[in-house]
Amino acid sequence: MAHEHMAQDRHWYQVSGGVPLTGTVTAAGAKNSVTKLLVASLLTDRPCTLDLVPDILEVHLVLDMLAELGTKVSWTGPGQVTVHTPTVTATALSEAYSGVNRIPVLMIGPLLHRVGEAYLPLPGGCTIGKRPIDYHLSGLAEMGAAITEELRSVKVHAGRLNGVHFTLPFPSVGATESLLLAGVLAKGTTVIQGAAVEPEVIDLVMFLQKMGALVNVETDRTITIEGVEKLRGAEHSVIPDRIETASFAALAVATGGRIEVAGAQQEHLVTFLNAMRKVGGEFAPTDGGLVFWRERPLTAVHQETGVHPGFMTDWQQPFTVMLTQAKGTSIMHETIYEDRFGYTQQLAEMGADISLSDSCLGSGGCRWHRRGFQHTAIVTGPVALNGAHLAIPDLRAGFSYIMAALIADGTSTVAGTRYLERGYEDPVGKLRAVGAHIETITAQ
Ligand code: EPU
């Protein structure tokens, strides 16, 4: 249960770098889609079946949470999970889940519809900024939920929620998903303006539509939900993880190798592929996937992260490591999170030339301009990286540390592997499949 997932890290990786990585890996299902689809299954008393479910800690964590609420969970085949909540047997999740991830807040809408109340731990997730949930809660409050925030939890009750017109101050993925999960069974129509339209959000829309929901997504970030009385069970295959794919693509380009990601979808990677090509990487479709390689000596670029269809904040870390191998001075401007460059300090200790700025260098400015947040990285390359002792601070930084260790001459040790295993399926197996020298060491 919760405490098992938060157990002390007793493993680390030993990584020897310096060789081009070549081979094929298969894309896992998207972590940031599957966890929301699992929550959506709470909206019906009928079974739901999901395919391409990744075997990652985050999925097991969410399945354990659902089991606490009365969900029957069965793995019905490789990568296939059936979740069925005939009756919601508890309206509270144990406090041990407080600060663990951002999923409990999404359960508010479904629990209100099923049982009229919810008592849930406040979210955590990676420490990459303040990450408040004010948009989630104000949207739900406007729909009629009575909310009491406690120190580590939130207590909510409501009769049937009402549809509302809500304008998001920023196209938040999680808040859009919260309002979708609350709106599909609400009385009347809910309109979300300024909604996030990330592929993972659209995947949730498609699953809800299969369950019987009426949801329309307009091209101007308006999502319109006509509330229905009841939803039914559905079967759905999770979209491939575009963060994992971009991570392996950056690894191929950075090491001068060639990696195929079976199952990767170009339509979810358009912005990444443009950026990768400008640095000197290239790609081609394969039979059901994409292959990535280094086309020419890498050169510096100016890149900024943004909401979809922009360059994902979760591509930023492997891309930044790749930029240490590009000739010239690159700029990476992070506009989604105010504090997502902390990981670069350990890269600098490996020899990377990276400095940070609180200015939006070379671009139109963002919410974090000159507010004291080091949200722009200036990366000068190419540099030879040296092996080091690294400690993973968060999930996405985790892959970038493994990447840096694989580029570096010599051997590195990487601690904090549970962060990585939360979101990447079988990272050691997949890295070995492309020729990486990586061992898991377990403390006695
Ligand atoms: N925000 C608020 N108030 C809110 C909600 C968001 O101010 O109520 C702000 C956030 O602080 C942030 C911005 O809005 O500055 C965007 O946050 P968003 O809500 O879009 O992010 P999220 O839903 O919490 C998901 C992913 C993240 C991913 C972001 C952006 C999940 C579980 N997490 O987070 O993934 O970086 O969208 O695409 O889906 C990861 O997988 O490693 C990860 C961090």
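A polar contact is a pair of N or O atoms within 3.5 Å; within protein, one atom must be able to donate a hydrogen and the other to accept it, and residues adjacent in sequence count only if both atoms are side-chain atoms. The model is predicted, so local features need pLDDT of at least 70 and side-chain atom pairs count only at pLDDT 80 or more, whereas totals for chains, interfaces and linings use all residues. Residues are numbered from 1 along each chain as its sequence is written, and side-chain values use heavy atoms, with hydrogens and water left out.

**Stop 1: the ligand**

Next, display Ile336: one of its backbone N or O atoms is 2.8 Å from an oxygen atom of the ligand. Tyr337 places a polar side-chain atom 3.2 Å from a ligand oxygen.

**Stop 2: Arg367**

Which backbone oxygen does the side chain of Arg367 reach? The oxygen is that of Ile336, at 2.8 Å. Arg367 also touches Phe170 and Thr335 as well as Ile336, not counting residues up to four places away in sequence; contact here means heavy atoms within 4.5 Å. Between Arg367 and Tyr337, the C-alpha to C-alpha distance is 9.3 Å, with 30 residues of separation in sequence.

Arg367 belongs to the loop between strand S19 (353-357) and strand S20 (376-381). Helices (H or I, at least four residues) and strands (E, at least two) are DSSP runs, numbered from the N terminus. At 33% relative accessibility, Arg367 is partly exposed; buried means under 20% relative accessible area, exposed over 50%, and partly exposed in between, with a 1.4 Å probe and protein chains only.

In the loop between S19 and S20, select Arg370. Arg370 is exposed, with a relative accessible area of 59%, and its phi is near 45 degrees, a positive value in a residue other than glycine. Most residues other than glycine have a negative phi, and most peptide bonds are trans.

**Stop 3**

Move to the loop between S17 and H10, which holds Thr313. Is Thr313 buried or exposed? Thr313 is buried, at a relative accessible area of 8%. The side chains of Thr313 and Glu334 make a polar contact at 3.1 Å. Leaving aside neighbours within four places in sequence, Thr313 is in contact with Thr305, Glu334, Ile336, Tyr337 and Arg340.

Pro309 is also found in the loop between S17 and H10, and a cis peptide bond with omega of about 10 degrees joins His308 to Pro309. For another cis bond, select Gly381 and Pro382, where omega is near 0 degrees. Pro382 is in the loop between S20 and strand S21 (389-391).

**Stop 4: helix H9**

Select helix H9 (residues 270-279), in which Phe272, Leu273, Ala275, Met276 and Val279 are buried. Seen down the axis of H9, these buried residues fall within an arc of 165 degrees, so they line one face of the helix; the arc is that of the directions from the helix axis to the C-beta atoms. They pack against helix H8 (242-255), strand S15 (281-286), strand S16 (289-294), strand S17 (302-304) and helix H10 (316-323). Just after H9, Gly280 has a positive phi of about 130 degrees.

**Stop 5: an open sheet**

Display the open sheet of three strands, ordered S6-S8-S7 with antiparallel pairing. Two strands pair if DSSP finds at least two bridges between them. Strand S6 (117-121) and strand S7 (146-149) stand at the edges, each with a single partner strand, so one side of each has no neighbour in the sheet. S7 and strand S8 (residues 153-157) are joined by four bridges, and Ala146 has His157 as its bridge partner in S8.

**Stop 6: a hairpin**

Finish at strand S11 (residues 214-217) and strand S12 (residues 222-226), which run antiparallel and are joined by four bridges. Val217 has Ile223 as its bridge partner in S12. Four residues lie between the strands of this hairpin, where Arg221 takes a positive phi near 65 degrees.
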